[in-house]
Amino acid sequence: MELGLVGLGKMGGNMRERIRRAGHTVFGYDRNPDLADVHSLQELVDKLDGPRVVWVMVPAGAPTQSTIDELAELLEPGDVVVDGGNSRWTDDEKHAKELAAKGIGFVDCGVSGGVWGLENGYALMYGGDQEHVDRVLPVFDALKPEGDFGSVHAGKVGAGHFAKMVHNGIEYAMMQAYAEGWELLEKVDSVDNVREVFRSWQEGTVIRSWLLDLAVNALDDDEHLEKLRGFAQDSGEGRWTVEAAIDNAVPLPAITASLFARFASRQDDSPQMKMIAALRNQFGGHAVEKK
């Protein structure tokens, strides 16, 4: 099939390549002309035969809103827009209503895989009407990992981004647990090879995971994380997860504590946050602050 892809950054650029490897045609637009196949949204829409599918992969909030507003004026009834960024699920409901007024379908898709997705595939969580999801299925199949899992129609509009939000909240808590354990091991005199302790956990233990593998990668690069400042940003989805928990009276003590630990990192050079920063850099290519 043909796909228009808006946003060719760290995630979008690799997604374009993976979709093309599966045999589909992708026309990519980015504000950086060095990355783009076309140089305006109008040109992107003109390149596609109808009914069109346009996948938006730009930062959440105002950039996504302005892109969808412009596409609403350019696309035609029967076309479908996919928001694959990290939008808040409440924005999805607004976007779906805006586009539906013009006969345009909408699918929200949470995407996980970071800078490793080109080779490993991307975990996909999407929401929307079945007829609109079916239009995008060939692209979902191209992006997902090999095998039976890694892709789910989570529910109606907003469900995909809500599921991705909860995924990221769990990620916060898992990273915090590894970081706290690492700091304690580094603190005591009796353990003199913390990196190899972490490496030993990669096989046969109940806490083995891809995040643990990435922690070992980070420690191989900088054994005591001495090059990093103990500062870690939050993407916003951790906050949204805690807010949703409050709205639904669901206790989330571990996820909430991990979010507040990141806030604490902005006050002091936190050893735990060195590990959090290193892990975010490993899986997502997120920037780190050097000393």
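## A walk through the predicted model

Pro51 lies in the loop that joins helix H2 (41–47) to strand S3 (53–56); helices here are DSSP runs of H or I with at least four residues, strands are runs of E with at least two, and both are numbered from the N terminus. The peptide bond that leads from Gly50 into Pro51 is cis, and its omega is near -10 degrees. This is a predicted model, in which local features need pLDDT of at least 70 and side-chain atom pairs count only at pLDDT 80 or more, while totals for chains, interfaces and linings use all residues. Residues are numbered from 1 along each chain as its sequence is written, and side-chain values use heavy atoms, with hydrogens and water left out.

The next stop is a pair of helices. Helix H3 (residues 62–74) and H4 have axes that come within 10 Å and cross at roughly 15 degrees. An axis is a line fitted to C-alpha atoms, for helices over the stretch in contact, and the angle between N-to-C directions runs from 0 to 180 degrees. The angle makes H3 roughly parallel to H4; angles under 35 degrees count as roughly parallel, over 145 as roughly antiparallel, 65 to 115 as roughly perpendicular, and the rest as oblique. H3 and H4 cross in a right-handed way, a crossing being right-handed if the near helix is turned clockwise from the far one by less than a right angle, and left-handed if anticlockwise. On the H3 side, Thr64, Gln65, Ile68, Asp69 and Ala72 meet Lys94, His95, Glu98 and Leu99 of H4, where contact means heavy atoms within 4.5 Å. By class, the contact of H3 with H4 holds 3 nonpolar, 3 polar and 3 charged residues. In this scheme Ala, Val, Leu, Ile, Met, Phe, Trp, Tyr, Cys and Pro count as nonpolar, Asp, Glu, Lys and Arg as charged, and the others, Gly among them, as polar.

A second pair is H7 with H9. The axes of helix H7 (residues 159–187) and helix H9 (residues 210–221) come within 11 Å, and they cross at roughly 45 degrees. That angle makes H7 oblique to H9. The crossing of H7 past H9 is right-handed. H7 brings Met174, Met175, Tyr178 and Trp182 to the contact, and H9 brings Leu211, Leu212 and Leu219. The residues in this contact of H7 with H9 are 7 nonpolar, no polar and no charged.

Which residues have the most contacts inside the largest nonpolar core? They are Trp182, Phe198, Leu225, Met275 and Leu279, in a core of 24 residues. A nonpolar core is a set of buried Ala, Val, Leu, Ile, Met, Phe, Trp, Tyr and Cys residues joined through side-chain atoms within 4.5 Å. Buried means under 20% relative accessible area, exposed means over 50%, and partly exposed lies in between (1.4 Å probe, protein chains only). At least two residues of this core come from each of H7, helix H8 (194–200), H9 and helix H12 (271–284). H9 gives the largest share of the core, 7 residues. Apart from neighbours within four places in sequence, Phe198 is in contact with Tyr178, Trp182, Leu185, Leu212, Ala215, Val216, Leu219 and Met275. A second, separate core has 22 residues, including Val26, Val53, Trp55 and Leu143.

Two further residues can be followed around H7. Gln176 sits in helix H7 and is buried, with a relative accessible area of 5%. Setting aside neighbours within four places in sequence, Gln176 touches Ser258, Ala261, Gln272, Met273 and Ile276. Asn193, in the loop between H7 and H8, is partly exposed at a relative accessible area of 31%. From Asn193 to Leu44 there are 149 residues in sequence and 54 Å in space, C-alpha to C-alpha.

Leu225 is in the loop between H9 and H10, and its phi is near 50 degrees, a positive value in a residue other than glycine. Leu225 counts as buried, because its relative accessibility is 1%. In helix H10 (residues 237–247), the buried residues are Glu237, Gly238, Trp240, Thr241, Val242, Ala244 and Ala245. These buried residues of H10 pack against helix H4 (89–100), H7 and helix H11 (253–265). Ala249 is in the loop between H10 and H11. Although not a glycine, Ala249 has a positive phi of about 55 degrees. Is Ala249 buried or exposed? Ala249 is exposed, because its relative accessible area is 70%.
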